[in-house]
Amino acid sequence: MMHTGKGRFPDNFLWGSATAAYQVEGAWDQDGKGPSVWDTYTKLPGTTFKGTNGDVAVDHYNRFREDVALMADMGLKAYRFSIAWSRIFPKGNGETNEQGLLFYDQLIDELLRYKIEPIITIYHWDVPQGLMDEYGAWESRQIIEDFNDYCITLYKRYGSRVKYWVTLNEQNVFIGLGYKSGIHPPGVKDLKRMYNANHIANLANAKAIQSFRRYVPGGKIGPSFAYGPNYPFSCRPDDVMAFENAEDLNNHWWLDIYCWGKYPKASWKYLEENDLAPDIHAGDWELLEFGRPDFIGINYYRTGTVEMNPADGVGQGDMNTTGQKGTTPESGVPGMYKSIRNPHLEATNWDWEIDPEGLRIGLRRLTSRYGLPILITENGLGEFDTLEDHDIINDDYRIDYLKSHVEACQNAINDGAMLLGYCTWSFTDILSWLNGYQKRYGFVYINRDEHSEKDLRRIKKKSFYWYKEVIKSNGSHLNFIPSQTEESR
């Protein structure tokens, strides 16, 4: 579809950026915080790039006022951050930690002081180690009640000041990498356990939304999904069927349950035939009906291209966590689909295809299928950045990436998508879970690496000034070219 003009962003559009507690806060055992599974997992040999962890991260916990001042300088309209569950409940349940609650009070108040809309992510992968030890965390239905108690604590404390809430961040990722490929905690490789844990997470999400309606009646809530639209490699019918399989199993399996409270029939049939379908208890379907969100949060980085995969075909492959381009092997689900490189797209050093048009396609698909507003909760480019003399970081490649994806949002708005906001990943550089500190996403360079925290100095990149102008112009000055003397303007 071609339009005569570009879509106009709404006047109240949430130009934002995002981070996650474990990736930025540090202070892993400060002020009464208990350990999360990531505090434990990253200490195991061979689990992360060069043994990196978030013990210090970028020390946002102790430097949040400095970071928020930088957000205000940029003119940020929204900041999405997660709350560390074990900072509130050190053991995951039981007694609350007032010092942890107070930290987020201060962060929220500081954001509001600068008229930056806080967006709270309730859960971003860091389940308390206490719950893993007590009952296996997401593999026990006990977590539904413990997560709900945690959510209600947050709703009561922050609900009068925070309008936008995200329940679970990338459930498809933390469940898939934790229980299928085994490279996130708890390091399990068991598909039956994965689908059961995923179903329990769905129930916890629905219960949290049900409680939200009581405690934050004027607020908006929804989960955030790692969304990768798929393409068939060719118009051969078996490749098109592989595309249908991949869309159903990788996207609809999660989004349908969020938005409609039911699983897609084709995928359910496949799981039943392979003895992988989750265990359903009395009352599950009724609870899931309460889970309809106010918006769909999507984290978009790439599309996928698939072709037919025979029943004895390729299975799970390894991820590229080194940044050595071209090292990702083929992977797939036998009898369903095989993922392959798209020859029409460039890719990052981590082999993620760069496809802004895929974002537009995805937004159209979501709008047509679910009819809900969409909040882009993450979009960004992880790359190697170079700190040059005089504190200059020329990340034009990041500007090009973000510009093309914002243009895709404009086109999607013209197509009829209802966009609430656009949050880049990330505001500052962060710890990239399995990839260490070398994979940088931020507008603000953090002077540290895998070997040393150095001075953790905050340095604005060229992209900082570009996004500042985009926000100021409400998306109309995408071709703005920042100079290296922007500080003197």
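Two strands are said to pair if DSSP finds at least two bridges between them. With that term in place, Thr 305 has Ile 340, in strand 10, as its bridge partner. The model described here is a predicted one.

**The open sheet**

Strand 8 (residues 304-307) and strand 10 (residues 337-340) pair in the antiparallel sense, and 3 bridges link them. In this part of the chain, Val 306 stands opposite Ser 339 of strand 10. Strand 10 is also joined to strand 9 (residues 331-333) by 3 bridges, and strand 9 and strand 10 run antiparallel. Here Val 333 has Tyr 337 in strand 10 as its bridge partner. Strand 9 and strand 10 form a hairpin with 3 residues between the strands. Within that hairpin, Gly 335 takes a positive phi near 80°.

These pairings belong to an open sheet of 4 strands, arranged in the order 6-8-10-9, with mixed pairing. Strand 6 (230-232) and strand 9 are the edge strands, each of which pairs on one side only. From one strand to the next, the twist averages 35°.

Which helix lies across strand 6, strand 8, strand 9 and strand 10? That element is helix 10, which runs at about 165° to strand 6.

**Two helix pairs**

Two packed helices are described by the angle between their axes and the distance between the axes. The table gives these values for two pairs.

| Helix pair | Angle between axes | Distance between axes |
|---|---|---|
| Helix 9 (residues 191-215) and helix 10 (residues 237-260) | about 30° | 10 Å |
| Helix 13 (residues 356-370) and helix 14 (residues 396-415) | roughly 30° | within 8 Å |

Angles under 35 degrees count as roughly parallel. Helix 9 and helix 10 are therefore roughly parallel to each other. The crossing of this pair is right-handed. On the helix 9 side, the contact is made by Tyr 195, Asn 198, Asn 202 and Asn 205. These residues meet Leu 249, Trp 253, Trp 254, Ile 257 and Tyr 258 of helix 10. Sorted by class, the contact of helix 9 with helix 10 holds 6 nonpolar and 3 polar residues, with no charged residues.

Helix 13 and helix 14 are likewise roughly parallel to each other, which follows from their crossing angle. Helix 13 passes helix 14 in a right-handed crossing. From helix 13, the residues in contact are Pro 356, Leu 359, Arg 360, Leu 363 and Arg 364. Their counterparts in helix 14 are Ser 404, His 405, Ala 408, Cys 409, Asn 411, Ala 412 and Asp 415. The contact of helix 13 with helix 14 comprises 6 nonpolar, 3 polar and 3 charged residues.

**The chain as a whole**

The secondary structure of the protein chain comprises 15 helices and 14 strands. Along the principal axes, the C-alpha atoms of the chain fill a box of roughly 65 × 55 × 45 Å. For 489 residues, a compact globule would have a radius of gyration near 23 Å. The protein chain has 21 Å, which agrees with that expectation.

How values were computed:
Residues numbered from 1 in each chain as written. Predicted model: local features only at pLDDT ≥ 70, side-chain atom pairs only at ≥ 80, totals over all residues. Heavy atoms only, no water. Axes fitted to C-alpha atoms, helices over the stretch in contact; angles between N-to-C directions. Helix = DSSP H or I, 4+ residues; strand = E, 2+ residues; numbered from the N terminus. Parallel < 35°, antiparallel > 145°, perpendicular 65-115°, else oblique. Left-handed = near helix turned anticlockwise from the far one by under 90°. Contact = heavy atoms within 4.5 Å. Nonpolar A, V, L, I, M, F, W, Y, C, P; charged D, E, K, R; others polar. Rg over C-alpha atoms; globule rule 2.2 N^0.38 Å.
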